[in-house]
Amino acid sequence: MPVKVETYDRVEEAARALSASRSARFLGGGTLVMRAVNAGDQSFDTIIRLRDPDFRTIRMQGDGLVIGAGVTMAALVANRDAVFLAPVARVIGGPAIRNMATVGGNLFASGNYGDLAVALLALGATVQLAGSGSRSMPIDEFLRDRDRHATSLVQSVTVPRPRDPATFRFTKVSRVKPKGVSLMSIAALLPQSGGRVQGARVAYGAMGPMPLRAIAVERALEGQALDAAAIDRAAALAVEGIAPPTDALASSWYRAEVAGVHLKRLLAGERR
Amino acid sequence: MSIEFRKEYFADERDDNLNEVGKPTQRQDALGHVTGRSPYFDDHLFDGLLHIRCVRSPHHHARIRRIDTSEAERMPGVVRIITGKDVPHNLNTLLSLLDFGLDDEPLLSDKKVAYKGEPVAAVVAETERAARDAVAKVRVDWEELPAVFDVEDAVKPGAPVVNEVYPKNLFVYHGRYDHQKLRYGDVEAGFRQADRIIEGRYQMSPIEQAPTETCGAIAAPETNDRYVVYTSTQALFFSLDTTSKLLKTPSNRLHFIGGTVGGGFGGKVDSLHEPMAVLGTMLTGRPCKYIFDREEEMQVGAPRGAERWYLKDGVMNDGRIVARKFVGYFDSGAYTRLSSYAIIKGVGHLPGPYTIPNVYADVYCVFTNRTPATAMRGFGITGVDFAIEAHMDKVAHEVGLDPIELRILNAYRDGDMKAHRRLAKNTALIECCQVAAEKAKWPLSQAASQASSLRDGGGERGRLPAHTATDQNGLVSGFTAQSYAKKSRATQPSATPPPQMARHESAPVTPRVEQPRPQPVQPASAPPPPPAATEQRHTRFSSISGLRRR
């Protein structure tokens, strides 16, 4: 079957077309979908595009930032309200990829990709789905059933902006710099109250089938001052309850060995 | 980056009035590349172009019971499905063109597959997607066979037979032995004389050439019953002759056009795409393209083969190496391709750039159920060089000598006899070591820093060993029927090594060492010289070990 392209002007129409077909893929920036087309992926025969300008805007809403799913990494880097996300968006791909790759697409990026989704997970974002099943859900829930959402259209992501930008940290570990894919990425939100961590969220990329929370690390940090002893205790639990994958970049063993090292550096605020 | 010339070395041997050597030169294709105008094979557009994709084995080793293409043939856009019976001469080995080795590899297998990804059928369709969809509908009834992946497991008795042309899973050299031999002096005597024995095992993995442009070719009908072929090949005449042989078509009906290779590194010499594209065109009368996708390039495209080397050195306490023994295994994958030749090349290189009076090597070209291995940048040499140099470090460590000092001590010098029975000339290992040490601020002893490739070589070191121990280990029978074996045997005891290879001389440069006409010294059981041209029937160009026939 030849591949067919359908273009829509309104989010609802695109969402309807996507949910109506099991062999359709939504095209964000094409950095994943077009690669699959070129590689002869036979799991889909229809590509759905959306021209709605709303889909590509970033706006403030209360304390949060509503980022259209069609916003590119380059647009995110350039947006002054999204300054806390710029260090994440800037290390995704090279300039050509960042000009095309979208926030919505990143939520579906698997394997060594999907660094932005890791950051959004640590930040506690919510994901808005378009169309008849229009609803909003925590990103944790969205990522857990990511495959099931493949026929729903992500309209936007809402990200609470950290009050103190220094409480959000992100690191990407790659073999090739710049432009390398993630051996792992770690994002941490470490809000403090009275010198103690309150409501820590720590997330990993490339450490499982999808971005994951490091629950044991979060628990170890909760209520602690972020001192050397607390960081050591948290780093020792870096892969507690996590089974890192083996892939072309690293073995499961290697990931488990180095996760604590990278986590410790991130928590201690050391530059890599 | 600037180049630093160390012209104080060998100043009297060099002509500094050369037009190209020693001067920066722009690549002839650089402008086209940076302006995006270099034409690659895939830039040639044809109306009505058809696309070829192969049905590939999911198994490492399996017998083909039946191939059912009926459903695939009914798929939309499918023009033709090709199987082994459509290939006019469905058995080849790349180096048969050089009269070396037996035909052992089909273009499309119809009885058995011996590596994962081996093609068993090809779909010719209107679009690439239609070809892929039809490939998914070809039903192959497989009977899986036990597979072997390790070179030493593959040569054990009872191992699965990977390549039925070579039932012991070993390539046959010169129609006589299941390995390539090198015998120079007597290593066992050398070991007895040595103060200590130092052994090592070294393993290299396959390496994919990973060209930016994957391998491919486009064929189209041309006037006068000819076919035009645009190809990414690195070896246009290899591809032309291979196509001519597989398709039983005179080469004057094949108009091959090469040109820009989008990255080769040795991975584009195997000539699988051109015959398939031409066959598609012959069977459909339309232009056909056959190109690997990236996954095929990685899984099926032939890599540099894995090698395993065992080294055993007899070493004196002062660091002199008096005997060196090699046992090497090249993993050729399922078919021969170029590993057999790599071994000839590698054995000529032993024991590396050192003068060692007793050298021995047994090197095996082994068939395993892995992707066939081929050329890649210096193949045959790089692997064993890694083993040799890693072993030199080990020797240095064990005798407590500085690793650079050890190399200078054992380095070959002008006039020394090498294990392949040629005098060393224009040697420069000592000077390379000295400059490297100087650059690294690595202290050298006075003796090492004053050593020279020009001094202390030759004389006793330039003589052939008084006695060379020989043996008949690994003798095979039953390989006399083929022409290469017969020829080899006919000329094998020839005591006169072929004349020296013609060299491109430039200016009035006097060689440091006058290469003597090879004495009729008995080469004992040294690797027999390559088949000389006693029968002129198939001999066209130079023989496999690079010794030109005249």
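# A first look at chains A and B

Strand β11 (residues 254–257) of chain B has two faces: B:L254 and B:F256 sit on the covered one, B:H255 and B:I257 on the uncovered one. In a regular strand, side chains alternate between the two faces of the sheet. This is a predicted model, in which local features need pLDDT of at least 70 and side-chain atom pairs count only at pLDDT 80 or more, while totals for chains, interfaces and linings use all residues. Residues are numbered from 1 along each chain as its sequence is written, and chains are lettered from A and ligands numbered from 1 in the order in which they are written. Helices (H or I, at least four residues) and strands (E, at least two) are DSSP runs, numbered from the N terminus.

**Around β11 of chain B**

- Strand β10 (residues 226–231) of chain B runs parallel to β11(B), and four bridges join them; two strands pair if DSSP finds at least two bridges between them.
- Opposite B:F256 in β11(B) stands B:V229.
- Together, β10(B), helix α6 (residues 236–246) of chain B and β11(B) make a right-handed β-α-β unit. Right-handed means that, with the strands pointing away from the viewer, the path from the first strand over the helix to the second runs clockwise.

**A sheet in chain A**

- Three strands of chain A form an open sheet with parallel pairing, in the order β1-β3-β2.
- Its edge strands are β1 (4–8) and β2 (24–26) of chain A, each of which pairs on one side only.
- From one strand to the next, the twist averages 25°.
- β2(A) and strand β3 (residues 46–50) of chain A are joined by three bridges, and A:T46 in β3(A) is the bridge partner of A:A24.
- Helix α1 (residues 11–20) of chain A packs on this sheet, touching β1, β2 and β3 of chain A, and its direction makes about 165° with that of β3(A). Axes here are lines fitted to C-alpha atoms, for helices over the stretch in contact, and angles run from 0 to 180 degrees between N-to-C directions.

**Domains and contacts**

- Chain B is divided into domain 1 (42–145 + 209–299) and domain 2 (151–207 + 306–462), with bounds from an automatic or database domain assignment.
- The centres of domain 1 and domain 2 of chain B, taken over C-alpha atoms, are 38 Å apart.
- Their contact takes 21 residues from domain 1 of chain B and 23 residues from domain 2 of chain B; two residues are in contact if their C-beta atoms, placed from the backbone, lie within 7 Å.
- Between the chains, the contact takes six residues from chain A and eight residues from chain B.
- The side of chain A that touches chain B has four nonpolar, two polar and no charged residues (Ala, Val, Leu, Ile, Met, Phe, Trp, Tyr, Cys and Pro count as nonpolar, Asp, Glu, Lys and Arg as charged, and the others, Gly among them, as polar).

**Backbone details to look for**

- Most residues other than glycine have a negative phi, and most peptide bonds are trans.
- The peptide bond from A:K177 to A:P178 is cis, with omega near -5°, and A:P178 lies in the loop between β9 (168–173) and β10 (184–189) of chain A.
- B:R337 is not a glycine, yet has a positive phi of about 45°.
- B:R337 counts as buried because it has 25 C-beta neighbours inside 10 Å; a residue is buried if 20 or more other C-beta atoms lie within 10 Å of its own, exposed if 12 or fewer, and partly exposed in between, with C-beta atoms placed from the backbone.
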